[in-house]
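I opened this structure to get my bearings. My notes follow in the order in which I looked things up.

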Amino acid sequence: MVSAVFHSPLDAAPMAAHNAMNKVAVSALPSSVTGQNNPKSAAAGTETAPPAAPARDWAALSRSFWMAVLPPLCGLGLLVGLWAMVSTTTGGNIPSPKDTWLQALDVFSNPFYRNGPNDQGVGWNVLMSLQRVAIGFGMAALVGIPTGFIIGRFKFLSRMFNPLISLLRPVSPLAWLPIGLLVFKGANPAAIWTIFICSIWPMIINTAVGVQRVPQDYMNVARVLNLSEWKIATKILFPAVLPYMLTGVRLAVGTAWLVIVAAEMLTGGVGIGFWVWDEWNNLNVKNIIIAIFVIGIVGLVLEFALIKLATAFTFEEVKA
């Protein structure tokens, strides 16, 4: 507590001496006691409160929140509205959103049931399709990424393989399915072969482009240091090509997930594509619409995960 005492001018001299003695006594105390770390408080003789934190702009935060949430909600509302309109105009041939939602609750109440080899829940069908995609995509990555490195590194091989890639890449993936059935004598390996052949081209092309865009200065330094090809590939090319390679992986996964549905429609067996075709044979349009949403959601999750992975390893100049 601080007290203030007023004195008359006659007491000025004794008061000055008293103040001088107080200053000497205070200067002998530790700074933590006297508060000398805060010059303003020392001058005033009182402690000042810390500066108040700036108030948040709640209006700006609310605006940014609604701008992030409202447009997707409007898009979904538009989709549901158009869907309901189409259902009404077709006389119920297309199920309404409400009927499809009730059917979805029934389907996802037990997604992993088994009533035989051709009657299984949607969960088993999705897992089987993901398994085929993982096997075919993994094989394509093991072959396509090293091939892209080699094609991008050596001009002779680039000129040799470019016409072949340009010839085979536009071919529809389903056109390769009969070749797989002929060679592998089975529906499951034929579907995996189709995934492999459609996934390999984006990885080869993007990896080769990444290698060709490595600055020539890097290669000149490697030549001066007399580095081996293994050192060049692991220490120079791989870090620089990684963003391009991950972009090719992302495109390949999206293509593989698109193709597996059509391949399973033709080959049969357990899978989300076969489930769609089987529900069509049963004239169960509600389950077909549910399967469309499931395919879209799974593809969206795969795409989002790979975008985050690619962004984590992408440099600013590559993003630009």
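**Entry 1: the cores**

I looked up the largest nonpolar core and found 32 residues in it; I145, F149, M203 and L237 have the most contacts inside it. I noted which helices supply at least two residues each of this core: helix 6 (122–153), helix 9, helix 10 (216–224), helix 11 and helix 13. Helix 11 gives the largest share, 10 residues. I also wrote down that the model is a predicted one.

Leaving out residues up to four places away in sequence, I145 touches A140, M203, T207, M245 and V249. Another core lies apart from the largest one; it has 23 residues, and A191, W275, I290 and V298 are among them.

**Entry 2: the overall make-up**

I stepped back to the whole protein. I counted 14 helices and 0 strands, so the order of elements from the N terminus is α-α-α-α-α-α-α-α-α-α-α-α-α-α. The protein has 320 residues, and 31% of them count as buried.

I checked how far apart in sequence the contacting residues are. Among contacts with a separation of 6 or more, 67% join residues 24 or more positions apart. The protein exposes about 20,800 Å², and 69% of this area comes from carbon and sulfur atoms.

**Entry 3: the largest pocket**

Next I looked up the largest pocket, whose volume is about 350 Å³. It is lined by 13 residues, and W83, T100, W101, A104 and F293 are the closest to its centre. Which helices each supply at least two residues of the lining? I found helix 4 (58–89), helix 5 (97–109) and helix 13 (285–312). Helix 5 gives the most, with 5 residues.

I went to E264, which is in helix 11 (residues 229–267). Is E264 buried or exposed? E264 counts as buried because its relative accessible area is 0%, and the cut-off for buried is under 20%. Beyond its neighbours within four places in sequence, E264 is in contact with S129, R132, V270, G271, I272, G273 and F274.

A190 was the next residue I looked up; it is in helix 9 (residues 187–212). A190 also counts as buried, because its relative accessibility is 0%. Setting aside neighbours within four places in sequence, I found A190 in contact with L177, G180 and L181. I also looked at A190 and T267: they are 77 residues apart in sequence, and their C-alpha atoms are 8.1 Å apart in space.

**Entry 4: two loop residues with positive phi**

I checked the backbone angles of two residues in loops. K185 has a phi near 60°, which is a positive value in a residue other than glycine. K185 sits in the loop between helix 8 (177–184) and helix 9. K185 counts as exposed because its relative accessible area is 67%, and the cut-off for exposed is over 50%.

Where is N226? I found N226 in the loop between helix 10 and helix 11. The phi of N226 is near 60°, a positive value, and N226 is a residue other than glycine. At 67% relative accessibility, N226 is also counted as exposed.

Note on methods:
Residues are numbered from 1 along each chain as its sequence is written. This is a predicted model: local features need pLDDT of at least 70, side-chain atom pairs count only at pLDDT 80 or more; totals for chains, interfaces and linings use all residues. Side-chain values use heavy atoms; hydrogens and water are left out. Helices (H or I, at least four residues) and strands (E, at least two) are DSSP runs, numbered from the N terminus. Buried means under 20% relative accessible area, exposed over 50%, partly exposed in between (1.4 Å probe, protein chains only). Contact means heavy atoms within 4.5 Å. Accessible areas come from the Shrake-Rupley method with a 1.4 Å probe; for residues, only the protein chains shown count as cover. On a 1 Å grid over the protein atoms alone, a cavity is a set of points where a 1.4 Å probe fits but cannot get out, and a pocket is an open set with protein on both sides within 12 Å along at least five of seven lines; lining residues have an atom within 4 Å of a point. Grid points are joined across faces, edges and corners, and a volume is the space filled by probe spheres set on the points. A nonpolar core is a set of buried Ala, Val, Leu, Ile, Met, Phe, Trp, Tyr and Cys residues joined through side-chain atoms within 4.5 Å.
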